[in-house]
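Please work through each task before reading its solution.

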Amino acid sequence: MSDESSDGEADVELEARLEEQDAFAPPESFVEQANVTDEGIYDEFEENWPECWEGAAELLSWDEEYETVLEDDDAPFYEWFTGGTLNASYNCLDRHVEEGAKNRAAIKWEGELGETRTYTYGDLLNEVEAFAATLRDLGVEEDDVVTLYLPMIPELPIAMLACARIGAPHAVVFAGFSADALATRMNAAESEYLVTCDGYYRRGDALNHKQKADKGLRSVDHDVQSIVVDRLGDELKHFLGTDARDYHELIEEHEGASVEPVSRDAEDMLFLMYTSGTTGQPKGVKHTTGGYLAYAAWTSHAVLDVKPEDTYWCAADIGWITGHSYIVYGPLALGTTTVMYEGTPDYPEKDRLWEIVEENRVDIFYTAPMAIRAFMKWGKEYPERHDLSSLRLLGTVGEPINPRAWKWYYKHIGNEECPIVDTWWQTETGGMMITTLPGVNTMKPGSAGPPLPGIDARIVDAEGEPVDAGSAGYLTVQNPWPGMLRTLYNNDDRFLSEYWKEYSDEDADEWVYFPEDGAKLDDDGYVTVLGRVDDVINVSGHRLGTMEIESAIVGVDGVAEAAVVGGDHDIKGEAVYAYVILEDGQEPTDEMRDRIVAGVEDSIGPIARPEQVVFTPELPKTRSGKIMRRLLEDVASGNELGDTSTLRNPEIVDEIDDQVQGD
Ligand code: WTA
C-alpha cells in the first residue's frame, strides 16, 4: 500500500469517526495550562452571586475601590461596581508599561498588501497620549461623543483608547456602512467630532472612504470637526476642507504629550454602539467603563484563555461589538498581543489567514461561522500549506455553527488538539454569555454550551414557563451581569420595551432580559441557539433589521411596497431576499432592480445588498391583512411550502415561488 492511499483511507476513517462523534472532551494538553479548570466555579458563582463578579473587577486597576457590586434599586437600570472609579485606557496601557511590559507587542497589524506594523505597549501609549492631546485641543470634552468611521487600521484602536483616556465616549461606525448610515448615527448621538480616513484597500484596490464620509457629513444637522488619517498616501490624493485636519500632522505636533487618564465613574459611558432592531431606527447601545471592561477582561481570561505572553487573533472587524470586546478592550486589558488584519481572507490567496497564523505564531484564533464555511468550501489544502501548530484554542461567534463546519474547524485548523468555544452573545450583552469553559466542559458541536458561571439563562415558552429539554423556546436571561447594556442612548423607553417588557413581572420587581433569540436545551443543560425570533436577520454574522432594508427599498422611486426576509445561504448563513411591489405603470426591469440594489447600498451599505429582488403584484397576506413572512422565508430558502389555504391570496405564493426557484 502506498503512503498516499493509506493516508487517504485514514482520512476517510477519521472523517467517519468525526461525523458520528457528538461530544469532545477538552484535550489534556490544553487543560493542563488553562486559566480556568475547576468545574466548581459554576456552584461557587451561584452561591456567591453577585459578589462572584468581584473576581472580574479584580482583573482591573481601580483609582477608587467600588462600594457596591450590584445596585438594583432602579432595576432594570442596574448599576455595577458603584462608587468605583477607573480609566479604561490606563487599564489597557499604562499599567502594563508600569509593570515592565513596555516593549511587549500590544498590536501586530497586517495590512492587506502585506505590509506590517507592530506597536509595543510603550509605542501605543505614546500615540494614544498624543492623540488624546489632539482631541482636547480640538475642543473635545469629557462626555462628548466622538464618532470613529475607520476601517481596520491601527489608528482605530488608538482613537478609541484616546477617547477613553479623556472620558469622551466613542461611537464606532463600521467602515462598510454607507454615508447615510454614518449621518443617521452622528445625528442620533449628536456627535460633533469625526475621525475618518482617506481610504483603504479591499482586494488590492484602493477604496475612497473620505468621499463617503464627506457625503455623510452633508446630511448631519450640526457642525462637525473632522480628523482624517492618511492611509493610502499618494495612491489617493485628497483635500482637507476647513473643518478637517490631518491625523499624522496632529500626532507630530503633539508628540511626547502627557495626558493624565481621567478618572471615570464605573457607570460612566465608555462607548456607544449602534445596532439593528425591529424598527427602522438603529439602537444606540450604551456600555459603561467599569462593568463592561471587567466583563470583557474576565471572559477573555476565562473563555479565550488569554495570557499576557500569547499572540491572540480575533479576525473580526472593530466596527462591530466583537472587535470592541475581543480585539481591543479584553485582550489589551489583559496585556496580551492582539493581531489586527486589514483585509479579506482570500486576498491575495485563500491561505492568507493561515499565513498570518504561521508568521505570527498565533496561539488563539477567534472567527465567525461564515468564515469557517468559506474555508470548508475552499478546501483543506489551504490550511495544509501552513504550520498551524502554534494554535491552542479556537473560537466562533455571531451565528449558529452547524456540526459539520464545527468538525472541519476542529480537525483542519485545530488538528484535534484545540478546544473550540462556540460563544453566544450580543452587542447588548457586551461579552460572552453562553459557551463552554474550554478547560472545564465537554464540547458538543452545534451547541454553544451551558450559560457561563453567574449567568442565569433559561429557555421559556410564550408564557415565560421553562420548556422541557429537547423543546424549542425563547432564550431569556434572568439575572443581570456586569457587561450588560445600561440603556439605549437617549431612549430609556425603548430600552424597556425592547428588552424587558416580554417576560418581566414589573409589579414583583422581577426583571427578565429578552435577547430575541430562539433556543433549545438538552439534558445536560447545553443551549443550542436557533436564531432570531424578531425581524432581524443575520447575514455573514452581521445583524441587519429587515425594516431598515424595507424602508430603503420603499424610498426608491417607483416602489410601492416591500417585504424583506432572510433566506438560507450556504456561506453567508442568511441572505437578503426582497419582495417588491411596484407602483402602477412601473415596469419590473433590470434597471429598476439595479436602482433598488443601489438604494439599499446607499442607505445601509453593501452588506445589506439583496441576493434576489423578486417583483410581485401582491404579497401573501392573512385574511386580517398581515404579511405572511414565514412563507416568504420558506420561498427564499427553497423549503417545502406549508398550508396556504388560510391566506387571502393563496395563488400568489406559487407565482412567487416559481420566480425565485426559476432564477
Ligand atoms: C447571533 C455578535 C448562535 C444571535 C456578538 C444574537 C449567535 C446575534 C451566536 C447578536 C452563536 C451570536 N450561536 N447565534 N454563538 N453568537 N449569535 O449583536 O442571534 O452582532 O442575537 O453580536 O447574533 O449579534 P450581534
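**Exercise 1.** Does Phe-271 count as buried or exposed, and what is its relative accessibility?

*Solution.* The model is predicted, so local features need pLDDT of at least 70 and side-chain atom pairs count only at pLDDT 80 or more, while totals for chains, interfaces and linings use all residues. Residues are numbered from 1 along each chain as its sequence is written, and side-chain values use heavy atoms, without hydrogens and water. Buried means under 20% relative accessible area, exposed over 50%, and partly exposed in between (1.4 Å probe, protein chains only). Phe-271 has 0% relative accessibility and therefore counts as buried.

**Exercise 2.** Classify the aromatic pair of Phe-45 and Trp-53.

*Solution.* Rings of Phe, Tyr and Trp (its six-membered ring) pair if their centres lie within 6.5 Å; planes under 30 degrees apart count as stacked, over 60 as edge-to-face and the rest as tilted. The structure holds 36 aromatic pairs. In one of them, Phe-45 and Trp-53 lie 5.2 Å centre to centre with 85° between the planes, an edge-to-face arrangement. Phe-45 is buried at 7% relative accessibility, and Trp-53 is buried at 0%.

**Exercise 3.** Classify the pair of Phe-271 and Tyr-329 and locate both residues in the chain.

*Solution.* Phe-271 belongs to strand β14 (residues 269-275) and Tyr-329 to helix α12 (residues 321-333), so the pair links distant parts of the chain, 58 residues apart; helices (H or I, at least four residues) and strands (E, at least two) are DSSP runs, numbered from the N terminus. Tyr-329 is buried, at 0% relative accessibility.
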